[in-house]
Amino acid sequence: MYNKFAAQLLLGSLLITGNISCTEKETTEPGSSNGKLTGVVRKSDGTPLNNVTIIVDNSILFNSNINTKTNAQGLYSVEVPIGSWFAFAQHKVRYNNLEYTIYLKPDKEQGFGREGGIRNFTWVLTGTMPEPLSGTFGGLVTFDNFPGEFVEDEREIVWRFEPVGNLIDGSTGPTITTKSPDGDTVKDLPIGRYRVSATYEGQSLKVRRWNTDEPFANSYVFDFQPVIDAQCFNCFKLEYRK
């Protein structure tokens, strides 16, 4: 098993350098025939997703993969050669002038061989990613104290995330109030633009983007960053002080 960061780096490089083939197949109905992988890709409300990249990735050989795209009906079909394979779906989304790479949820997590099969994918905003990926479909927020100023137990900080506009899939998201079980992260937030604020023992904390000269404020509006080099994907880093 490899972690989400390594998997995303790997699959991103495969899209550029390791294609066995890269074709867009047309099919009228999702189904399976010997030697083909087929399926349909949708949003959670059932809307088909066009131009999603399907990656059929060899589970043993590095840089051996097959790519195809979904059509306007969200359908795809791709020939599967001899080998051991996993299927992934990557959706490129432009949101608030940033481009995100989103992994979609498969209806079956098992690998497959030359026989092919059916793999349907759904765009979900939260939940645990299936192996061989790891992590969550939602975004990650990390936070740290301003040097010299900290609270006694960061796990008791109450974080409030209020959506500003629609979420990345166009849906309306709820305001989320939560604590951090591990003391320095809030995991699996639906990706969107948020106004974040924090309190500790009933007192407001001040927040800003981590490691900047921006002024601290009672709340801060942020977008998840598609990538923070060598650290994380679809994440944001906050700093707080009393």
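A: A residue is called buried when its relative accessible area is under 20%, exposed when that area is over 50%, and partly exposed in between, with a 1.4 Å probe and protein chains only. This is a predicted model, in which local features need pLDDT of at least 70 and side-chain atom pairs count only at pLDDT 80 or more, while totals for chains, interfaces and linings use all residues. Residues are numbered from 1 along each chain as its sequence is written, and side-chain values use heavy atoms, with hydrogens and water left out.

Q: What is the mean pLDDT of the chain?
A: The term pLDDT denotes the predictor's confidence in each residue, from 0 to 100. Here the chain has a mean of 88, and 86% of its residues reach 70 or more. Over residues 1–32, however, the pLDDT is below 50, and this stretch has 85 contacts in the model beyond near neighbours in sequence; a contact means heavy atoms within 4.5 Å.

Q: How many salt bridges does the structure hold?
A: A salt bridge is a side-chain nitrogen of Lys or Arg within 4 Å of a carboxyl oxygen of Asp or Glu. The structure holds eight of them. One of these links Arg 155 to Asp 153, with 3.1 Å between the closest N and O atoms. Arg 155 is partly exposed at 47% relative accessible area, and Asp 153 is partly exposed at 22%.

Q: With which residue does Glu 156 form a salt bridge?
A: Its partner is Lys 179, and the closest N and O atoms lie 2.7 Å apart. Glu 156 belongs to the loop between β11 (139–145) and β12 (158–163), and Lys 179 to the loop between β13 (176–178) and β14 (185–189), so the pair ties together parts that are 23 residues apart in sequence. The strand names follow DSSP runs, numbered from the N terminus: helices are H or I of at least four residues, strands E of at least two. Glu 156 is partly exposed at 36%, and Lys 179 is partly exposed at 39%.

Q: Which residues of β12 form its covered face, and which its uncovered one?
A: In a regular strand the side chains alternate between the two faces of the sheet. In β12, the covered face consists of Trp 159, Phe 161 and Pro 163, and the uncovered face of Val 158, Arg 160 and Glu 162.

Q: In which sense do β12 and β13 pair?
A: Two strands pair if DSSP finds at least two bridges between them. β12 and β13 are antiparallel, with three bridges, and Arg 160 has Thr 177 as its bridge partner in β13. Strand β15 (residues 193–200) also runs antiparallel to β12, joined by six bridges; there Arg 160 stands opposite Ser 197.

Q: Which residues does the disulfide join?
A: A disulfide is a covalent bond between the sulfur atoms of two cysteines. The criterion applied is a pair of cysteine sulfur atoms within 2.5 Å. A search of the whole structure finds one disulfide, between Cys 232 and Cys 235, with an S to S distance of 2.0 Å. The torsion about this S-S bond is about 75 degrees, so the disulfide is right-handed. Cys 232 is buried at 12% relative accessible area, and Cys 235 is buried at 1%.

Q: Is Ile 82 buried or exposed?
A: Ile 82 is exposed, with a relative accessible area of 74%. Ile 82 sits in the loop between β5 (75–79) and β6 (85–95). The C-alpha atoms of Ile 82 and Gly 113 are 6.5 Å apart, although 31 residues separate the two along the chain.
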